[in-house]
Amino acid sequence: MPGAWLGFAILITGGWNSSRKLGRSSTGAAGQEERPLNIKITRKLLDDYRKIKREIPILEIELEEMKTTDSGIGNSTILDYRTGQARPQSVVGFDKELYRRREKTLEKKKAQVKAVEQWINQIEDGQTRCIFRMYYIDGMTWLKIADKTGYSKSPDYPRKMIRDRYLEKHGIV
């Protein structure tokens with residue numbers, strides 16, 4: 001039964017070419033992480049980043065509950081024509097469509113979070129990268145960022161002069 005083990009290993013690892021399933025390009029410079037191809041960094045995505053990151057564990061819990069509890073059970077109505085006339089009948093079972101939608105939403109949110117984090121990590125200027133990381137990834141306030149970066153007398157400086165200028169310079173609206 002060596003073939004059975006091979007099939008099992010492919011199932012666990014996600015198949016022979018799992019990078020295509022995740023929407024990533026298979027080429028790139030050595031040592032560089034790549035952003036998923038279909039996610040464009042926008043101001044809205046950056047602003048929603050923290051919210052999206054908070055939603056991921058909630059979706060994971062919902063999916064697990066759907067599998068293990070009755071929350072995955074759905075109810076649908078069909079028409080039964082066995083007697084010659086349409087009679088509504090209730091059908092109860094696992095709601096695969098809802099599960100797939102939630103799973104797809106979870107994967108999309110994970111890809112968005114990964115894209116934003118990779119984009120931030122690829123910012124050339126160290127100070128700009130640090131400010132983006134502190135605000136978006138670490139969740140710090142602009143006042144705290146200003147204190148940490150030495151702009152405590154002008155707390156709006158990191159936001160307006162560093163972040164906003166960087167976004168404007170790179171055409172991220």
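Predicted model: local features only at pLDDT ≥ 70, side-chain atom pairs only at ≥ 80, totals over all residues.

Trainee: Is tryptophan 119 buried or exposed?
Mentor: Buried. Its relative accessible area is 10%, and the cut-off for buried is under 20%.

Trainee: How far is tryptophan 119 from isoleucine 41 in space?
Mentor: C-alpha to C-alpha, 7.8 Å. In sequence, the two are 78 residues apart.

Trainee: Which residues have the most contacts inside the largest nonpolar core?
Mentor: Ile41, Leu46, Val116, Trp119, Phe132, Tyr136 and Ile145. That core has 30 residues.

Trainee: And which elements give two or more residues to this core?
Mentor: α3, α4, α5, α6 and α7. The top contributor is α3, with eight residues.

Trainee: Let's do α3, then. Which of its residues are buried?
Mentor: Leu45, Leu46, Tyr49, Ile52, Ile56, Leu59, Leu63 and Met66. Look at the spacing. Residues three or four places apart on an α-helix point the same way, because there are 3.6 residues a turn.

Trainee: What covers the buried residues of α3?
Mentor: The cover includes β2 (87-94), α4 (96-121), α5 (126-137) and α7 (157-169).

Trainee: Where is the kink in α3 centred?
Mentor: On tyrosine 49, and the kink is about 50 degrees. Tyr49 is also one of the buried residues of this helix.

Trainee: How far apart are the end C-alpha atoms of α3?
Mentor: They are 38 Å apart.

Trainee: Which α5 residues are buried?
Mentor: Thr128, Ile131, Phe132, Met134, Tyr135 and Tyr136. Their cover includes α3, α4, α6 and α7. Just after α5 comes glycine 139, with a positive phi of about 75 degrees.

Trainee: What is isoleucine 145 in contact with, leaving aside neighbours within four places in sequence?
Mentor: Ile131, Met134, Tyr135, Met140 and Pro158. Ile131, Met134 and Tyr135 are among the buried residues of α5.

Trainee: Which other residues of α7 are buried?
Mentor: Besides Pro158, you have Ile162, Arg163, Tyr166 and Leu167. The buried residues of α7 pack against α3, α4, α5 and α6 (142-149). Glycine 171 follows α7, and its phi is positive, near 70 degrees.

Trainee: Now the strands. Do β1 and β2 run parallel or antiparallel?
Mentor: Antiparallel. Eight bridges join β1 (residues 73-80) to β2.

Trainee: What stands opposite isoleucine 78 in β2?
Mentor: Glutamine 89. Likewise, asparagine 75 stands opposite valine 92.

Trainee: How many residues lie between the strands of that hairpin?
Mentor: Six. In this hairpin, glycine 84 takes a positive phi near 100 degrees.

Trainee: Zooming out, what order do the elements run in?
Mentor: From the N terminus on, α-α-α-β-β-α-α-α-α. That is seven helices and two strands.

Trainee: What share of the chain is buried?
Mentor: Buried residues make up 24% of the 173 residues. The chain exposes about 12300 Å², and carbon and sulfur atoms supply 53% of that.

Trainee: Last one. What share of contacts comes from residues 24 or more positions apart?
Mentor: 52% of the contacts with a separation of 6 or more.

Note on methods: Residues numbered from 1 in each chain as written. Heavy atoms only, no water. Helix = DSSP H or I, 4+ residues; strand = E, 2+ residues; numbered from the N terminus. Expected span 1.5 Å × (residues − 1). Bend = angle between axes of the 7 residues up to and from the residue. Buried < 20%, exposed > 50% of the residue type's maximum accessible area, 1.4 Å probe, protein only. Contact = heavy atoms within 4.5 Å. Pairing = 2+ DSSP bridges. Core = buried A, V, L, I, M, F, W, Y, C linked by side-chain atoms within 4.5 Å. Areas by Shrake-Rupley, 256 points an atom, 1.4 Å probe, with all protein chains shown as cover.
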